[in-house]
Amino acid sequence: MKRQPRSGKSRRRNGHHDPQAPTGNPGPVPVLSPGRKRAFRLIALIGIPLVLLGGLEMVLRLTGYGYHTNFFNTIRIGHQEFLVDNESFSLRFFPPQLMRWPNPIFMPAPKPANTCRIFILGESAAQGDPEPAYGAGRYLEVLLRERYPGEHFEVVNTGITAINSNVILPIARECARQQGDLWIIYMGNNEMVGPFGAATVFGAQAPPWWLIRLSLVEQKTRVGQLLMSLTREFRGKSADASWGGMRMFVGNQLAPDDPRRATVYRNFQRNLHDILQVGLNSGAKIILNTVAVNLKDCPPFASLENTNLAPDERAEFDAQLARARQQQTEGNFIAAAAHYQSAAKLDGTFAEVQYRWGECLLRQDHLAAAREHFQLGCDDDALPFRADSRINDLIQRAGREFSGSNLDLFNAVGALETNVDEHILGQETFYEHVHFNFDGSYRLARAWAGQVQRFLPPSVINQATGGWASQETCERRLGLTDWNRSLVLQETVIPRMQQPPLSTQFNNDERLQALNNRLVELHRQMAATNAEANARAIYHDALGEAPDDYLLHENYAEFLQYIGDTQQSASEWQQACGLSPCNPFAFCQAGRMLARLGQFADAQVALSKAISLHPRYFEAWLELGDLYFAQGKYQPALDQYERAGPLQPNNPGVYFQMGRTLSLLQRPDQSIESFRRAIQLQPGYWEAHYYLGGELALQGGISGAAGEFETVIQLQPGYAPAHLNLGVAFMKQNQPDAAAREFQETLHLDPGNQTAVQYLSQAQSLDRHSP
């Protein structure tokens, strides 16, 4: 077939005229209208960038850049699909070094038959911090299981530390697709300090809700994730950051009338509305809670002065406050309250005044007035870590707006207050400001159980056996022994109370003493005859009731580790790994125990699995480094420590380990630098001072070494090797008398130390022959 010529092209071939070519003028050339020109320009202006961005997005995805933003991941084990938590979910809200995670989640993707699936949505208080294994959600699960043994209750806790409603809304949208029967919403403490809050340290402060959501949509794309990463790098934020808990926020104090607070309240109202809407649209029943906080025993974390006061008014305020404090200290509560009232007339939003005024009123048994002023102290707190009255008002307003047969507005504050004598919540319920102690967790769970029961079908309710389980029964089912109680206190609660801003509260000494007294009592009970055997029996019974509860195996493993049964502890950790196969914490702990048993190959497998599940798991990298170090594989050990370092750049422990390893690799300059970095981060790190002294001595820096050993003795007077090495340093400095004193102290602390005996003899000999 002859090819037809393309329009507009000449039909001449080799210089000859084509007889079929048209003759005459071709006619006028079409001219685009101004409207079409604008349309083409607009298409070029928008279309070309979109094509380029689409191409970049494709390249980034093909090269594996970025992360998935969904909350749940789906995995397949055998022929069954399960939902697990996505360890990268929080990267849209936190810088990489500060990202947070939920408790490990592992549940069948299609909900099993005869199962009531309950989602708990909230922040750290809902999660069960400081030990989620004994949080209110866990007590609730036992309460329901004990009373309704014929029904399977699946309580899925989606709570995460430091999040707020801006993060909970995307979680809720995913929960809406997972066949939840009931949602328990307990949130509001972190609105000001969490992501996009007015006092946050995680990024932009108090942007409007539409800008927050636009930013989150952008970060669903790999291009958006790249831009956010470049923005953080350009601003230099979070490069050297590591998680520091509440003390990270100390510099972000917020005045009571700061306009950013109003923006946060509007955002919370919008988010809560959308969370409730998506939950109800999913067919779930909802229990919406007001949020309880420690009003009575938690003073404001910070108070800001009214800067508009005239100088004479400020002087009068200071004088009234000083008199009030003095009168209160002396027990004159009526006079003190009068002075606080006078101070409040001058500066009524100074949070400390309101709180102390409430204390004085409480001592006079004016309970309603006391509660009012405690609440004002909370509302005006310049470090707003607690849900204030405005947050709870918005919760109640939303509850009334959505009121119906599928939503229950539950006054958790009022329910908890009915169980305390003064009807004002304090340390009988909380460890510190918002996190429930064991008693508080049970009481909240018991209140929730009553609300859950209202939504159960008659076929389930008719199967009830007896009343609700007691707190003692629940704690036996959860494996809560005195060992576990003491671990929570000594590893989390007490260290937290020793850090700002909790440590700077004026009643901190009193509260710390109460915690330490409780710890002493627990240790006394643990030392009693048959205490260990009784604790083992509790776990034996609990595991008999719930053999597939991975948290129960973890709790048992921690107890066994505490009492020194490493072999059985490793076995329990391994069982927890089998029951929760995407749980990096369980694999890390299993690896740690296996390493202690000398089972290095199995330990390496477990630790590597923990890292594959959670590549930013600092503790797992550190443990893997320690594993190689214990085997004398110093270069691989250093490689793991160097991977751990950037994940927690302010952690002194990793620099200490790097210093030891570099010393053994004969790299003294780098070793000294690492020890000094550890000391810079933690000046009281006596082990780092000791090893630095040893390295300096090896390099001939005797004077510097002596100074480090002296520091160790100041920090740890009973550490015999420090006295021994200081004595050796004095010998090299030709100070036999000083050296002899250190060798004598070494022998006082360690009478069998033959090295000290020999050096003491030499020092005394030199001292006798010295002029």
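The talk below goes from the whole chain down to single residues.

Visitor: What should I know about the model before I start?
Guide: This is a predicted model, where local features need pLDDT of at least 70, side-chain atom pairs count only at pLDDT 80 or more, and totals for chains, interfaces and linings use all residues. Residues are numbered from 1 along each chain as its sequence is written, and side-chain values use heavy atoms, with hydrogens and water left out.

Visitor: What does the pLDDT of the protein chain average?
Guide: pLDDT is the predictor's confidence in each residue, from 0 to 100. Here the protein chain averages 93, and 93% of the residues score at least 70.

Visitor: Where does pLDDT stay under 50?
Guide: Over residues 1-23. For that stretch the model has 6 contacts beyond four places in sequence, a contact being heavy atoms within 4.5 Å. Where pLDDT is low, the predicted coordinates should not be read in detail.

Visitor: How many helices and strands does the protein chain have?
Guide: Both are DSSP runs numbered from the N terminus: helices are H or I with at least four residues, strands are E with at least two. The protein chain comes to 32 helices and 8 strands. Its C-alpha trace spans about 130 × 75 × 70 Å along the principal axes.

Visitor: What share of the residues count as buried?
Guide: Buried means under 20% relative accessible area, exposed means over 50%, and partly exposed is in between (1.4 Å probe, protein chains only). By that rule, 51% of the 771 residues are buried. As for surface, the protein chain exposes about 36200 Å², with 51% of it supplied by carbon and sulfur atoms; the areas come from the Shrake-Rupley method with a 1.4 Å probe, and for residues only the protein chains shown count as cover.

Visitor: What share of the contacts join residues at least 24 apart?
Guide: Take contacts between residues at least 6 apart in sequence: 69% of these join residues at least 24 apart.

Visitor: How many positive and negative side chains are there?
Guide: Lys and Arg count as positive, Asp and Glu as negative, while His and the chain ends are not counted. The protein chain has 70 positive and 79 negative side chains, and the centres of the two sets lie 15 Å apart. Each charge is placed at NZ of Lys, CZ of Arg, CG of Asp or CD of Glu.

Visitor: How many disulfides does the search find?
Guide: A disulfide is a covalent bond between the sulfur atoms of two cysteines. In practice we look for a pair of cysteine sulfur atoms within 2.5 Å, and a search of the whole structure finds 0.

Visitor: Which residues does a cis peptide bond join?
Guide: For backbone geometry, look at omega. Pro-500 and Pro-501 are joined by a cis bond with omega about 0 degrees, and Pro-501 lies in the loop between helix H17 (482-497) and helix H18 (508-526). The bond from Asp-129 to Pro-130 is also cis, with omega near 15 degrees. Pro-130 sits in the loop between helix H2 (124-127) and helix H3 (136-147).

Visitor: What about phi: is that of Phe-196 positive or negative?
Guide: Positive, about 70 degrees, although Phe-196 is not a glycine. Phe-196 is in the loop between strand S6 (182-186) and helix H5 (209-218), and is buried at 13% relative accessible area. Asn-530 also has a positive phi, near 70 degrees, and belongs to the loop between H18 and helix H19 (531-545).

Visitor: Where is Asn-437 found?
Guide: In the loop between helix H13 (412-417) and helix H14 (438-455). Beyond its neighbours within four places in sequence, Asn-437 touches residues including Gln-427 and Tyr-431. Asn-437 and Gly-128 are 309 residues apart in sequence, yet 9.2 Å apart in space, C-alpha to C-alpha.
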